[in-house]
Amino acid sequence: RVALPMLPEEEEQDAEKAKFALHALLHHLADQIDKLLGSASTYRSALDKHEGSIKRGATLDQLRDLEQLMLSRIRDMRDSNDHDRRELDEANAKVAAQQAELERLQTDLGIDFLTRIPNRRAFDCRLIEETDRAKRYGNNLSLLVLDVDHFKKVNDTYGHHAGDRVLRAVAQLLDEQRRKSD
């Protein structure tokens, strides 16, 4: 290649371009140095904070003492929970026994535990009384038998709690509609 000699005007333009490029490069470099110094300042601040927290922090012995204290309190809580659980189990057993006794007493009294209306035992006694009365006075005797249709399906579909509520509702309805002599 052969270089052609440049005219002074072209050299001056190239020099201006070079100055402009160098100025832009120096400006960019200054910005990058400012950013690095800012980052270093932030990093140094974080290091200072970390160093301060380490100095304020507990020693290894203090940490071990704290660990032992926490473990001791956890054991105390576990013991307390075990004690409370035993007392709760005893109370539940007592309630279950009382409930069984109540059911037995209600059965003896002739009251159904669930529906609170006369039970089968009361029915049998009352049927004998009414049959004897009808014979003695020569009266007719009427007996009404009800069946709750599809009741098993209620229990199977919605559970026994729902079935119990249905039985209570039917019993309450019948009890409200009967005469005292019925």
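**Salt bridges, surface patches and local backbone features**

Arg-116 is exposed, with a relative accessible area of 53% (exposed denotes over 50%, buried under 20% and partly exposed the range in between, with a 1.4 Å probe and protein chains only). This residue belongs to the loop between α2 and α3 (120-137) (helices are DSSP runs of H or I of at least four residues, numbered from the N terminus). The phi angle of Arg-116 is near 65°, a positive value in a residue other than glycine. A positive phi, near 60°, is also found for His-150, which is located in the loop between α3 and α4 and is exposed at 66% relative accessibility. The model is predicted; local features require pLDDT of at least 70 and side-chain atom pairs pLDDT 80 or more, whereas totals for chains, interfaces and linings use all residues. Residues are numbered from 1 along each chain as its sequence is written, and side-chain values use heavy atoms, without hydrogens and water.

Six salt bridges are present in the structure (a side-chain nitrogen of Lys or Arg within 4 Å of a carboxyl oxygen of Asp or Glu). In one of them, Asp-82 pairs with Arg-85 at a closest N to O distance of 3.2 Å; because these residues are three positions apart in helix α2, about one helical turn separates them. Asp-82 is partly exposed at 30%. Arg-120 and Asp-124 form a salt bridge at 3.0 Å, N to O, and are separated by about one helical turn because they lie four residues apart in helix α3. Arg-120 is exposed at 61%, whereas Asp-124 is partly exposed at 31%. A salt bridge of 2.9 Å, N to O, joins Asp-175 and Arg-178, with relative accessible areas of 36% for Asp-175 and 41% for Arg-178. Arg-126, Glu-130 and Arg-133 are linked in a salt-bridge network.

Two surface patches were examined (residues with over 30% relative accessible area and no salt bridge, like charges being joined within 9 Å and nonpolar side chains, namely Val, Leu, Ile, Met, Phe, Trp and Tyr, within 5 Å). Asp-84, Glu-87, Asp-89 and Glu-90 form a negatively charged patch. Of these residues, Glu-87 lies in helix α2 (residues 60-109) and is partly exposed at 42%. Ile-33 is located in helix α1 (residues 8-56) and is partly exposed at 45%.

Asn-155, in helix α4 (residues 151-158), is buried at 15% relative accessible area. Beyond its neighbours within four places in sequence, Asn-155 contacts His-160 and Gly-163 (heavy atoms within 4.5 Å).

How values were computed
Helices (H or I, at least four residues) and strands (E, at least two) are DSSP runs, numbered from the N terminus. Accessible areas come from the Shrake-Rupley method with a 1.4 Å probe; for residues, only the protein chains shown count as cover. Lys and Arg count as positive and Asp and Glu as negative; His and the chain ends are not counted. The place of a charge is taken as NZ of Lys, CZ of Arg, CG of Asp or CD of Glu.
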